[in-house]
Amino acid sequence: LRRLTDHVMALLPFEPRWFGERGVKTSFIGHPLFDPHAVEERRGAALMAQSDALPQSGSPRLALLPGSRAGEIRGNLPIMLQALDRLTRAHPQLTAVAGLVDERAIERVREVAHEAGLADLLNQRVGLVHGQTDAVIAWADAVLAASGTVILQVAAHEKPVVAIYNVSALSWHLVGRWLVHTRTYTLPNLIAESIGIEKPLPEIIPHFGDVDRVTREVGSVLESDAARRRQVSLFREVCEVFEGVPFAKRAADILLAEGGWMNAQDAS
């Protein structure tokens, strides 16, 4: 980065210090999830969550976000469905919706459920929605999600969440644990660490297939008002670091200020 870049635009608040200590010019520009346009989109999604596009009967409401890539869906969806099956025994009226990126992801979900012998459970208990992740999160009482940027999106909605990421135990113990030194993985928890507060959400990462633990963690946020309030309170502190930092404007200002290949006249 020192050799190839003039200025790094960082999406996370703790990055400028880390890169700066290594001689890389870096500025925090906010995150597109918190740009004013994205905030307006979330307000619209909250209204959509109350429409007929999502089920309005049944309680509690659980959103499943198994990831966007084929490998993520294959690794995470069967565990999510097995946990859902156990949760419905304690909550017979539980309603679940899977938020997916596109129609191709819906087909992958159906294929993976069929291969895992969980097609009936998927068809009977889970609504499949694509292209409306914000609305699905706004609709839910709690979220079970594969680790990724979507966890920060859930935090922006102030919804309690449990994060998982299923990997091969063999590859993790042979390679992963030696290459990956951090033991904090989700963006809200990383930001919480950087500002000196408690981690908001449980991370089951790496996950090797323990359905009982996933069921317990999701059951806790579904059943405990205190657990939900704790997450929401901490998410508010995490999201405060993005307030007043207009992502698009700050990025454009840096591009214009750096000059060299572009100046204000060219941009106009």
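Guide: A patch here joins residues with over 30% relative accessible area and no salt bridge, like charges within 9 Å and nonpolar side chains (Val, Leu, Ile, Met, Phe, Trp, Tyr) within 5 Å; areas follow Shrake-Rupley with a 1.4 Å probe, and for residues only the protein chains shown count as cover. The model is predicted, local features needing pLDDT of at least 70 and side-chain atom pairs 80 or more, whereas totals for chains, interfaces and linings use all residues. Residues are numbered from 1 along each chain as its sequence is written, and side-chain values use heavy atoms, without hydrogens or water.

On the surface, Leu174, Val175, Leu179 and Val180 make up a nonpolar patch whose accessible area together is about 370 Å². Val175 belongs to helix 8, residues 169-179 (helices are DSSP runs of H or I, at least four residues, and strands are runs of E, at least two, numbered from the N terminus), and with a relative accessible area of 44% Val175 is partly exposed, that is, between buried (under 20%) and exposed (over 50%).

The side chains of Glu203 and Thr186 are instead joined by a polar contact of 2.7 Å, and a polar atom of the Glu203 side chain lies 3.2 Å from the backbone nitrogen of Tyr185.

Methods. A salt bridge is a side-chain nitrogen of Lys or Arg within 4 Å of a carboxyl oxygen of Asp or Glu. Buried means under 20% relative accessible area, exposed over 50%, partly exposed in between (1.4 Å probe, protein chains only). A polar contact is a pair of N or O atoms within 3.5 Å; within protein, one must be able to donate a hydrogen and the other to accept it, and residues adjacent in sequence count only if both atoms are side-chain atoms.
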